[in-house]
Amino acid sequence: MTAPDNAAAVMIVEDEPKLASLLADYLRQAGYSTTHIANGLEVVPAVKTAPPDLILLDLMLPGRDGIEICRELRTFSDVPILMLTARVEEADRLTGLHIGADDYVTKPFSPREVVARVQAILRRSAHRQSGSSQVGVLALDDEQSTARYGGRNLDLTPIEYRLLKTLYANKGRVFSRDQLMDKLYNDYRVVTDRTVDTHIKNLRRKLDQVSPDHEMIRSVYGIGYKFEE
Ligand code: CA
């Protein structure tokens, strides 16, 4: 059975040939196209060359282990990663999740279960990608200058949008009011410090409406503002 051209591409990274081909069979039957890599060293270059829609990543691999691979992938890609692991210890499970993997299954697993997980992850990521430049739950859409939080539109003015984008794109970095003003206004119109404070205040109010428990924009006393996750 051949997958249609628009089928989501799943990269299977698994050094046990039988298991890899079993997974490939089930995934293709479910309508996915698959590629297979058996050596850990080949994964990162392959993802850079032809990014898949999802990676099944075995933990124990020749060349390089799954954890290291996952960490490096996360430095340049947010491709969904489903870890396959034979280690059942809780500590390892946690490690598996803290390195940026989306989910994991422990061996022995049923291929059906893996397919179900793959479908669930791809559904979630399709949902995530419906906004652009999405990281976490805050989604910024440059084309429309709109921001959504947990799917709710924040209804920002263009200035508020630029302010949020500047802070959000540089999480943790503290911006002075002067620096923010430079980012907000392309012309040399005269604005005061108070103007920035007012926009920040309005932006916070809007963020607060969608996420009351969490203060995303922090004041740093005597310096300015920063975005905190
Ligand atoms: Ca293995």
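**Charges, strands and cores**

Author: Let's start with a network of salt bridges that links Glu14, Glu16, Asp58 and Lys107. Keep in mind that this is a predicted model, where local features need pLDDT of at least 70, side-chain atom pairs count only at pLDDT 80 or more, and totals for chains, interfaces and linings use all residues. Residues are numbered from 1 along each chain as its sequence is written, and side-chain values use heavy atoms, with hydrogens and water left out.

Reader: What makes the contact between Glu68 and Arg64 a salt bridge?

Author: The rule asks for a side-chain nitrogen of Lys or Arg within 4 Å of a carboxyl oxygen of Asp or Glu. Glu68 and Arg64 come in at 3.1 Å, N to O, so the pair qualifies. Arg64 also meets Glu72, at 2.8 Å. By this rule the count comes to 14 salt bridges.

Reader: What is the span of H6, and what is it set against?

Author: H6 has 12 residues and reaches 16 Å from its first C-alpha to its last, close to the expected 16 Å. That expected span is 1.5 Å times one less than the number of residues. Buried residues in H6 include Ile159, Tyr161, Leu163 and Leu167.

Reader: Why are E10 and E11 called edge strands?

Author: The open sheet of three strands has the order E10-E12-E11, with antiparallel pairing. E10 (175–176) and E11 (217–220) each have a single partner strand, so one side of each is left without a neighbour in the sheet.

Reader: What makes E10 and E12 a pair?

Author: Pairing takes at least two DSSP bridges between the strands. E10 and E12 (residues 224–227) have two bridges, in the antiparallel sense, so they pass. Phe175 stands opposite Tyr225 in E12.

Reader: What makes a group of residues a nonpolar core?

Author: It is a set of buried Ala, Val, Leu, Ile, Met, Phe, Trp, Tyr and Cys residues joined through side-chain atoms within 4.5 Å. The largest one has 26 residues, of which Leu138, Leu154 and Leu164 touch the most other members. H6 supplies the largest share of this core, six residues. Apart from it lies another core, of 20 residues, among them Leu61, Cys70, Val79 and Tyr104.

Reader: Which residues does Leu164 touch?

Author: Contact means heavy atoms within 4.5 Å. Not counting residues up to four places away in sequence, the partners of Leu164 include Leu138, Ala147, Leu203 and Phe227.

Conventions
Helix = DSSP H or I, 4+ residues; strand = E, 2+ residues; numbered from the N terminus. Buried < 20%, exposed > 50% of the residue type's maximum accessible area, 1.4 Å probe, protein only.
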